[in-house]
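Thank you for making time for this today.

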Amino acid sequence: MNGVSFVITVVQRELSDSYIDFFHKHGANLVFSYLCEGTAQKKALHLWGLEKKEMQIICCLCGSEAANRLLDGLVSEMRIDAPNAGVALMLPVDGVSGVSNAQCLPEGLIDDEFKKRVEDMQYSLIVAIAERGYVDMVMDAAREAGARGGTVIHAKGTGARFGAKFFGLTIAAEKEMIYLVTSSEGKEAIIDAIIDKAGPSTEARAIAFTVPVERVAGFSKL
């Protein structure tokens, strides 16, 4: 299976270190984690087999075959499907900017066959990862290219024990993750603007990738 995937895992906070170790053991390099809290009501939590606890989101970018192996391992090794353990999902990525594929992912993953699977989707989620304190630089560049507001998450890389740098970023340092939803037609201009004005050659040292979005709600017009 060709392609690149964004894997998102939500687990109990006290279990997060073991999940981070699992990701690195299975070859995931660019791994970030951040704190969160569930908002589901008791009935929904019971339906999913979960209890309301402090949670941790762990996410990574990798090839789709590797992502499938990660999800298989999350079930067979980490038992994420057990009650109160957590949830995981993988999303297709249709573009990576700010870094050459040779530095992070095997070449040829985003091929014509893969692009055909996502080209009909009307919206995209842009995920930009930048040095802490440079949100304004990223957002100013994005807005100039037509982006609307974004959502900022303060995250921390998890690679201190496994290697100091990846993508030219110091993984252990705190980062800003900026999420922007845009039309698929407008994503290239926004990505180009972010990389040009806040990319690896700037103090923000941002990289960015896009995830196809099948449907949106709550936006007046993108």
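This is a predicted model: local features need pLDDT of at least 70, side-chain atom pairs count only at pLDDT 80 or more; totals for chains, interfaces and linings use all residues.

Let me start at Lys187, which touches Asp94, Ser124, Ile126, Thr182 and Thr210 once residues up to four places away in sequence are set aside, where contact means heavy atoms within 4.5 Å. Lys187 is found in helix H7, and because its relative accessibility is 12%, Lys187 counts as buried; buried here means under 20% relative accessible area, exposed means over 50%, and partly exposed is what lies in between, with a 1.4 Å probe and protein chains only.

Residues are numbered from 1 along each chain as its sequence is written, and side-chain values use heavy atoms, with hydrogens and water left out.

As for the overall picture, the protein has seven helices and eleven strands, these being DSSP runs numbered from the N terminus, with helices (H or I) of at least four residues and strands (E) of at least two. Of the 222 residues in the protein, buried residues make up 45%, and among contacts between residues at least 6 apart in sequence, 78% join residues at least 24 apart.

Now to the strands, and to E11 (residues 207-213) in particular. Seven of the seven residues of E11 are buried, so this strand is largely enclosed by the rest of the structure. Both of its faces are covered, with Ile207, Phe209, Val211 and Val213 buried on one side and Ala208, Thr210 and Pro212 buried on the other. Pro212, at 10% relative accessibility, counts as buried, and its C-alpha atom is separated by 9.7 Å from that of Ser183, a residue 29 places away along the chain.

Which strands pair with E11 in the antiparallel sense? One is E5 (residues 95-97), which pairs with E11 over three bridges, with Ser97 standing opposite Ala208; the other I would point to is E6, which pairs with E11 in the antiparallel sense over seven bridges, and here Ile126 has Thr210 as its bridge partner. Pairing requires that DSSP finds at least two bridges between two strands.

Strand E6 (residues 123-131) is also joined to E10 by nine bridges, and these two strands run antiparallel; the bridge partner of Ile129 in E10 is Met177. Eight of the ten residues of E10 (residues 174-183) are buried, so E10 too is largely enclosed by the rest of the structure.

Returning to H7 (residues 187-198), we find that it packs with H6 (residues 135-144) at an angle of about 140 degrees, with the axes 8 Å apart; axes are lines fitted to C-alpha atoms, for helices over the stretch in contact, and angles run from 0 to 180 degrees between N-to-C directions. H6 and H7 are therefore oblique to each other, given that angles under 35 degrees count as roughly parallel, over 145 as roughly antiparallel, 65 to 115 as roughly perpendicular and the rest as oblique. In this contact, Met137, Val138, Ala141, Ala142 and Glu144 in H6 meet Ile190, Ala193, Ile194, Lys197 and Ala198 in H7. By class, the contact has eight nonpolar, no polar and two charged residues, where Ala, Val, Leu, Ile, Met, Phe, Trp, Tyr, Cys and Pro count as nonpolar, Asp, Glu, Lys and Arg as charged, and the others, Gly among them, as polar.

The buried residues of H1 (residues 16-25) are Ser16, Tyr19, Ile20, Phe22, Phe23 and His24.

Leaving aside neighbours within four places in sequence, Ile58 is in contact with residues including Ser16, Tyr19, Ile20 and Phe23.
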